[in-house]
Amino acid sequence: MEAMTLRRVHKTYRLGNVDVPALIDIDLKVRSDCFTVLSGASGSGKTTLLNLIGCIDKPDAGEIDIAGQPVAALSDDALSDFRLRHIGFVFQNFNLLPVLTAYENIEYPLLLTHMPSAARKRRVLELLDAVGLSEHARHWPGQLSGGQRQRVAVARALATAPELVLADEPTANLDSTTGAAIIALMRRMQRDYHVTFVFSSHDPKVLAEADDAVQLQDGRILAGGAR
Amino acid sequence: MNSLRLALRNLKRNRRRSLATVLAMVVGGVSILLFGGYVQNIVCGLQTDFVRAGGHLQLEHKDYYLYGSGDPTAYGIADEAHVIAVLEHDPVLAPMLLVVTPTLEFGGIAGNFAAGVSRTVYASGVIVADQNAMQRWNDYGFPGEPDVLALTGTRPDAAVIGLGVARVLHLCTALKVQDCPQPSGPAATLARESTNAPLPSDVAQLVDREDAVDRQDASTTTSKIRPSRDAAAVAAPEIELLAATTGGAPNVARLHVAKAIDLGVKEANDNYVGMHLPAAQRLLYGSAPSEVTAIVLQLRHTSDIARAKQRIETLLATTLEGAPLAVYDFRDLNPYYGQTVALFAAIFSFISVLIGAIVLFTVGNTMNAAIVERTVEIGTLRAIGLRRGGVRRLFVSESLLLGVVGAGFGVLTALLVALLVNHSGLTWTPPGRVNPIHLHVRVWGEWTLIASTGAGLLIVAVLSAWWPARRAARLEVVEALRHV
């Protein structure tokens with residue numbers, strides 16, 4: 001069973017008067033409930049591929065199915081709703097909302113789904129406990145360390161119980177110990193919540209943890225992934 | 001965490017900028033409210049002046065307004081006592097009425113023949129007690145005692161003249177008028193040569209005839225109402241007032257000038273002669289049945305005008321059927337009032353638009369800065385699943401909150417500043433007035449002004465955020481997340 005399928009996906013960026021191909025004829029299937037890593041040098045197309053999978057960018061050509069749903073024809077609002085319910089994001093810079101506490105950051109996506117208050121509270125407390133931050137629920141992002149912020153971000157990504165969580169170099173801004181702890185946390189969460197994790201990284205420790213690894217070079221898949 | 005709570009936290013996050021924006025709105029709101037309150041006070045003051053002088057409504061011959069100034073006796077109201085009785089006893093109208101009084105206005109020539117000078121004047125015959133009652137109308141609560149007519153307590157043949165009339169008729173010295181320049185050159189020589197010259201014989205005859213009637217009237221009137229003519233005659237200078245009677249023949253009355261008054265407007269000062277109504281009627285109608293040119297009605301409240309006017313029109317069609325009368329309100333009779341109100345309304349609108357534009361750009365600038373600073377946050381929110389409409393709502397909510405706080409503090413500050421101004425003792429002299437009046441800014445109680453200013457600030461705040469919010473909502477998620 002695939003969490004997502006990409007067929008002949010092509011993406012080009014225009015820099016000034018020059019068209020720069022970012023992804024060329026990508027065919028890819030990602031297995032459900034797996035820990036998949038996209039690796040490759042800078043400029044290889046990892047982030048572009050994650051953006052397309054996350055439905056925050058559109059391909060110039062090709063088809064993308066996420067959780068069995070073709071997303072190419074969805075309107076902007078429909079894509080927003082789709083992301084809310086099916087995709088979680090973990091960013092390199094954590095991207096927590098600074099005016100919300102740890103609790104509120106995790107709660108925010110649930111508010112968008114109009115989940116009832118009691119269920120919402122249960123879910124947030126459960127996730128805070130899962131990432132080991134129950135004691136920090138009322139802390140503002142500025143009062144948390146980098147590792148703690150990324151834990152909140154992981155909890156937020158899982159809040160709406162998505163099928164897919166995307167993480168763009170989630171350990172890049174963390175020291176190696178904290179980074180390893182975050183990878184371990186994500187691995188544990190992936191197994192506990194039966195979620196598909198796809199993230200980009202060129203950290204060998206991360207690659208070692210992966211169920212599947214997809215190597216990219218110059219916008220093409222060099223190795224890995226179901227073709 | 002709804003949009004408003006999130007907006008509030010975002011505003012608190014950049015306190016200094018939010019405070020500066022709110023301050024701009026407060027200054028804008030205060031400016032509009034204070035100027036609006038000042039304008040409102042001018043309008044109320046102007047209305048009070050007109051209503052005290054000429055009532056809310058006037059019943060006139062239907063053609064008097066257009067043609068009566070040329071021939072008032074042809075467009076008079078006969079049997080005014082009956083008409084007044086009908087008005088005063090009407091069960092619908094009576095509760096609305098404060099004063100109903102007749103007046104007679106006409107043009108003539110006032111002369112100081114002893115000095116050999118004369119000029120055309122516009123005379124007004126009034127019942128002094130009624131006019132003094134009208135001066136007490138104060139629907140808008142202006143401070144100070146009401147004015148008392150200069151004719152109060154004067155003899156039946158007394159007159160009050162404008163400063164300009166006194167100057168032209170060389171009566172300044174006799175009336176102890178200050179700052180009354182004397183003519184120079186040939187006019188001064190002529191004035192000196194003709195001093196104490198006898199009246200022309202025809203005018204003297206007319207005056208003697210009027211004096212005989214006066215003496216007859218005086219003998220039938222109590223001295224309490226009519227002070228002794230002989231006692232006052234010693235000091236008061238006299239003028240002769242020539243006017244056309246009903247048949248077109250000239251008639252002259254000798255009037256004892258009690259006082260020269262400053263009416264605040266040169267045209268009025270140069271033309272005004274005020275006198276008692278019976279004396280005016282005697283001059284115009286002689287022994288014939290006398291008439292008046294208008295019946296003045298002063299109402300308890302200006303807001304009653306429409307109802308009262310409608311009732312009077314009903315009476316004119318029923319009880320007073322056949323009388324060639326028409327009813328006018330003070331705005332019809334004094335176009336200057338409407339023009340002044342319109343002028344101030346235009347100035348107020350212009351200033352409001354200017355201030356609104358300043359507030360619009362200030363709030364817009366704040367929103368633009370907030371959007372630039374929070375571009376990555378916008379990208380994050382969109383990635384999480386917030387729709388474009390949610391982003392728009394977020395920034396508009398911030399602007400709305402700024403508007404609510406700005407409008408609220410603006411109104412409170414304006415009320416406070418108005419209170420200080422009103423108790424500061426500052427005075428000013430409005431056009432058409434002689435004496436300075438207290439500077440008063442009418443904000444408290446002007447709920448329409450307050451509500452419209454507050455609502456205006458809110459609308460401007462929301463409008464100013466609309467475009468930046470739209471821009472924020474249309475940001476590409478990927479571009480927003482990449483923003484540095």
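Predicted model: local features only at pLDDT ≥ 70, side-chain atom pairs only at ≥ 80, totals over all residues.
1. Over all chains, the structure holds 31 salt bridges, a salt bridge being a side-chain nitrogen of Lys or Arg within 4 Å of a carboxyl oxygen of Asp or Glu.

2. Residues are numbered from 1 along each chain as its sequence is written, chains are lettered from A and ligands numbered from 1 in the order in which they are written, and side-chain values use heavy atoms, with hydrogens and water left out.

3. The interface of chain A and chain B comes next. In chain A, 25 residues are in contact with 21 residues of chain B, where contact means heavy atoms within 4.5 Å. The two chains bury about 2,100 Å² between them, and 61% of this lies on carbon and sulfur atoms. Buried area here is the accessible area (1.4 Å probe) that two parts lose on being put together, summed over both. On the side of chain A, the residues that lose the most area to chain B are A:Ile56, A:Val99 and A:Tyr108, together 25% of what that side buries.

4. The rule finds nine residue pairs in polar contact between chain A and chain B, both residues at pLDDT 80 or more. A polar contact is a pair of N or O atoms within 3.5 Å; within protein, one must be able to donate a hydrogen and the other to accept it, and residues adjacent in sequence count only if both atoms are side-chain atoms. Helix 2 (76-86) and helix 3 (102-112) of chain A each supply at least two residues of the side that touches chain B. Helix 2 of chain A gives the most to that side, with six residues. Helices (H or I, at least four residues) and strands (E, at least two) are DSSP runs, numbered from the N terminus. The residues of this side of chain A divide into 14 nonpolar, four polar and seven charged; Ala, Val, Leu, Ile, Met, Phe, Trp, Tyr, Cys and Pro count as nonpolar, Asp, Glu, Lys and Arg as charged, and the others, Gly among them, as polar.

5. Five salt bridges are found across the interface of chain A and chain B. The side chains of A:Asp76 and B:Arg388 form a salt bridge at 3.6 Å, N to O. Another salt bridge brings together the side chains of A:Asp77 and B:Arg387, at 3.8 Å, N to O. This pair joins two chains, because A:Asp77 lies in helix 2 of chain A and B:Arg387 in the loop between helix 15 (375-384) and helix 16 (388-422) of chain B. A:Asp77 is partly exposed, with a relative accessible area of 31%, and B:Arg387 is partly exposed at 37%. In these terms, buried means under 20% relative accessible area, exposed over 50%, and partly exposed in between (1.4 Å probe, protein chains only).

6. Which residue forms a salt bridge with A:Glu209? The partner is A:Arg187, with the closest N and O atoms 3.7 Å apart. The pair links distant parts of the chain, 22 residues apart: A:Glu209 is in helix 7 (residues 204-209) and A:Arg187 in helix 6 (residues 176-193) of chain A. A:Glu209 is partly exposed, with a relative accessible area of 34%, whereas A:Arg187 counts as buried at 7% relative accessibility.

7. In chain B, B:Glu377 forms a salt bridge with B:Arg374, the closest N and O atoms being 3.9 Å apart. B:Glu377 is buried, with a relative accessible area of 13%, and B:Arg374 counts as buried at 5% relative accessibility. Salt bridges that share partners join B:Arg13, B:Arg374, B:Glu377 and B:Glu398 into one network.

8. Strand 1 and strand 2 of chain A form a hairpin with two residues between them, and A:Gly16 in the turn has a positive phi of about 65 degrees. Strand 1 of chain A also pairs with strand 4 (residues 61-66) of chain A, in the antiparallel sense over five bridges.

Definitions and conventions: Pairing = 2+ DSSP bridges.
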